[in-house]
Amino acid sequence: MDGGDQVLLGRHRECATLDRLVGAVRAGQGRALLLVGEPGAGKTALLRYTAAHAAECRVLRTAGVEAEMELPFAGLHQLCVPLLDRLDRLPVPQRQALSTAFGLTAGPAPDRLLVGLAVLGLLADAGAEHPLVCLVDDLQWLDHASTQALAIAARRLFAESVGLVFATREQVPVLIGVTELPVLGLPAGDARALLRTALPGPVDERVTEQMVADAGGNPLALLELPRSLSPSELAGGFGLPATRDSPGRIEASFQERVARLPEASRWLLLVAAADPLGDAVLVWSAAERLGVGVDAAAPAVAAGLVDFGARVGFRHPLVRSAVYDGATAEQRQRVHRALAECTNPESDPDRRAWHRARAVAGPDEDVAAELTRSATRAQARGGLPAAAAFLARAVELTRDPVIRAERALAAARAAFDAGAPELSLGLLSVAQAGRFDDLRHAQANLLRAEVAFAVSRGAEAPMLLLKAAQQLESFDTRLARDTYLQALSAARFALHLAVGGSVVEVAEAALRAPTHPGPPTPADLLLDGLAARDTGELAAGSHLMKRALRAFCDEADAGVDELRWLWLAGTTAPDLWDYRSWERLATHHLDRARAAGALTTLPLAVTSRVAVHVVLGELAEAAALAGEIDVLAEAIGVGLAPYGAVMLAAWQGRAGETSAMIAATRGEVLARGEGAGAQIYAWAEALLGNSTGRYADAVAATDLAEREQLLVGAGLWLLAERVEATARNGQPEEAAQAFRRLSAHTTVSGTEWALGIEARCRALVTEGSVAEDNYREAIQRLGRTRVRGELARAHLLYGEWLRRNRRRRAAREQLRTAHDLFTEMGMNAFARRAERELRPGGELPRRHAAEGSSELTAQEVQIAWLVREGLSNAEIGTRLFLSPRTVEWHLGKVFGKLGVSSRKQLRTRAWPAHPGPDRGRPG
């Protein structure tokens with residue numbers, strides 16, 4: 001079943017799909033396709049068909065090889081080698097990331113997402129010159145780092161003349177969402193027709209039907225089965241061949257054919273099977289060490305199993321696996337030893353180390369040490385899965401129990417950093433079963449706690465981190481204090497969902513933590529402040545937290561690159577109602593994460609910045625940024641809790657979308673133990689209830705504030721919503737109780753934001769002139785801040801109070817102000833609430849005739865906003881995980897829809913409130 005120039009027998013549907021993909025690529029449309037089918041189903045033949053029919057396209061190929069799965073970026077490097085002369089055209093961060101990943105230059109370990117974006121840029125640049133089709137066979141055996149990078153590129157293909165076609169035996173998690181094309185068995189008629197092409201002559205019909213049934217429509221099985229049967233079996237009459245599953249039957253057939261070859265030919269094939277590069281020079285050199293001469297190739301070639309040329313190529317990937325799997329362990333070891341001896345230790349040390357590792361049967365310290373050095377190189381290149389694999393094999397080859405335990409701990413750390421928590425836990429068990437001193441035990445427990453936090457976010461992590469911190473006190477005060485801060489962060493994230501290790505318990509332990517010599521760092525101040533606050537010492541804790549925030553802001557202003565605690569420091573600023581520090585730290589965190597290429601931390605950084613925009617009433621900016629979280633989630637290939645999007649949608653009054661997002665993710669949030677996320681969801685539901693006048697619903701949503709002992713961030717905002725909801729729902733005692741609890745926090749904060757909210761809520765629980773004085777105070781205080789949404793709400797509540805007190809003219813003034821502010825910001829539900837209050841007086845609110853972006857897609861709106869920020873196409877592409885070519889394509893559509901002809905005109909155009917992020921695929 002050859003690719004050739006003809007449509008493959010029985011594959012009209014598959015060939016038509018591939019033809020459309022190639023046609024789209026030639027037309028400048030990026031496409032990705034995943035062929036999924038059992039071994040021998042014809043995936044490789046379909047890739048050959050694609051290459052043969054990709055007229056006017058440049059075709060690049062790579063393939064996974066089981067023996068090479070642990071070598072970082074090996075498959076990606078093979079694919080990209082012809083394009084490396086284009087590296088200089090990439091933006092500097094991408095060029096550095098890819099150069100480091102390929103070992104071309106030294107540098108810090110690149111983030112895997114940045115490598116993926118660099119691959120996208122490299123392919124897009126090549127496709128702009130000539131349509132490009134990339135074929136990846138046996139994806140299930142491609143090294144993990146290569147697979148991740150190609151998956152990122154595949155998800156971000158839009159207006160590039162690039163096609164990616166993968167072939168795999170099974171679904172690959174990181175490619176979920178890429179269009180799949182199942183490659184199933186051939187229909188019976190086509191199966192018989194293909195079988196006849198492989199039969200040596202007339203065959204008993206019963207045998208033919210048996211072979212068709214045995215093959216199950218598998219094309220390679222249909223071609224190979226006749227080769228595995230004797231003439232008497234083909235003739236029939238003496239019993240039909242025993243049935244066997246197709247892949248197993250095919251491999252057995254290849255093994256039988258290999259077994260009939262001369263011994264020297266079998267050794268030559270095994271050497272070729274063990275070398276993933278197909279390097280003819282290396283294969284012949286290793287074969288020579290085994291005493292195999294050049295005449296050994298002819299029988300293997302004549303049998304149709306392999307071709308020897310500049311490169312060694314097997315007829316089918318199953319031939320390689322059949323040869324390798326059919327050899328004994330001792331034979332494989334001899335072959336790998338020969339390959340290791342012939343591999344250059346200077347130019348290819350890691351492949352040499354891996355061959356050596358497979359050449360030994362038992363412990364070997366020399367090989368284990370070499371694997372450890374390879375792991376260090378892999379980590380420096382960003383190949384964390386490879387580093388974990390090298391170290392795990394080194395553990396197996398280490399005899400000394402102390403060194404074995406240390407290497408197992410290092411392997412567990414590498415596996416965790418590579419995103420393999422289950423493997424990490426298994427290696428941790430090996431480490432902790434060995435000989436460890438107390439410090440190593442503490443470090444192992446710390447890693448186990450970090451794994452728990454990564455897996456479940458909150459539930460068990462606080463207690464595990466607390467125990468690790470206590471163990472570390474005797475060895476490393478700095479690390480112990482940092483671990484206490486991690487524990488407190490985890491506890492505040494879990495809140496009421498923590499399994500042991502409550503916030504108060506962790507905070508009390510943190511108060512007893514030893515101090516570190518020297519002046520306190522910003523992290524020290526933050527730890528002491530949070531511990532005091534969370535044990536009920538609000539005044540003392542707030543004072544220390546304010547010092548900590550000032551210190552973090554000073555570091556940010558000085559350009560300190562430390563990312564570790566920026567997110568935590570920023571998220572504590574809302575506890576103090578300090579939007580200025582929150583904005584500075586969130587902005588710095590986002591900027592540093594982008595500059596460092598730390599793309600795995602970007603979702604948190606972007607979410608924090610979105611939240612700041614929402615609180616400041618900058619909903620258009622928040623929506624443009626929130627769209628980046630969707631882009632990140634798609635690039636990473638995992639779902640992220642939509643906290644930023646929920647906050648934005650609730651503030652905009654999009655009730656249906658808010659409820660849908662919460663309903664879709666609440667179960668996951670609770671299962672992961674994200675109590676702080678539960679508070680955000682409760683606040684959003686309460687905000688929606690208050691904005692639409694459904695006060696009973698808002699009261700129900702704020703019940704969490706009564707059940708939760710500690711409220712942080714959105715939890716404090718939840719108290720403010722509860723005051724309004726209960727007051728307007730006729731529950732004055734509950735409103736007064738919520739106000740007392742809220743004012744304990746706002747008073748010690750002392751910011752205009754805090755005192756403005758306090759005054760507004762006090763007005764809701766008082767009457768007469770006292771209430772009016774508080775409404776006026778709230779407007780004055782909030783008017784001195786940038787928290788415009790809360791200012792508009794103060795005008796609305798005051799206007800509603802004035803109207804109930806029959807002061808209609810004054811009420812209209814406040815209600816008009818509120819309505820104008822709400823409309824300008826895009827807080828539509830609150831705007832409608834103000835409108836309802838205005839209508840009984842016969843006044844229709846003023847409408848804002850804004851130039852619209854309603855015709856733009858969500859992706860186009862994002863790009864337009866980034867142009868307004870002054871970003872270039874390359875910078876926008878980096879921000880949104882798009883190639884500059886796709887950005888240019890989108891921008892052309894934006895210009896046409898808005899009737900502008902330049903970036904300058906776009907930047908000066910008046911814009912309305914942003915419509916919000918599109919939760920679907922960017923377009």
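## Basis of the model

Residues are numbered from 1 along each chain as its sequence is written, and side-chain values use heavy atoms, with hydrogens and water left out. Because the model is predicted, local features need pLDDT of at least 70 and side-chain atom pairs count only at pLDDT 80 or more, while totals for chains, interfaces and linings use all residues.

## The sheet

Five strands form an open, parallel sheet in the order 2-3-4-1-5, where strands (E, at least two residues) and helices (H or I, at least four) are DSSP runs numbered from the N terminus, and two strands pair if DSSP finds at least two bridges between them. Strand 2 (58-63) and strand 5 (180-182) stand at the edges, each with a single partner strand, so one side of each lacks a neighbour in the sheet.

Strand 3 (residues 132-137) and strand 4 (residues 162-168) run parallel and are joined by five bridges, with L132 opposite V162 in strand 4.

## Two helices in contact

D350, W354 and A357 in helix 17 meet A389, F390 and R393 in helix 19, contact being heavy atoms within 4.5 Å.

## The cysteines

The structure holds zero disulfides, a disulfide being a pair of cysteine sulfur atoms within 2.5 Å. For C57 the nearest cysteine sulfur, that of C134, is 10 Å away, and for C80 the nearest, also that of C134, is 7.4 Å away. C57 counts as buried at 12% relative accessibility, and C80 is buried at 0%, where buried means under 20% relative accessible area, exposed over 50% and partly exposed in between (1.4 Å probe, protein chains only).
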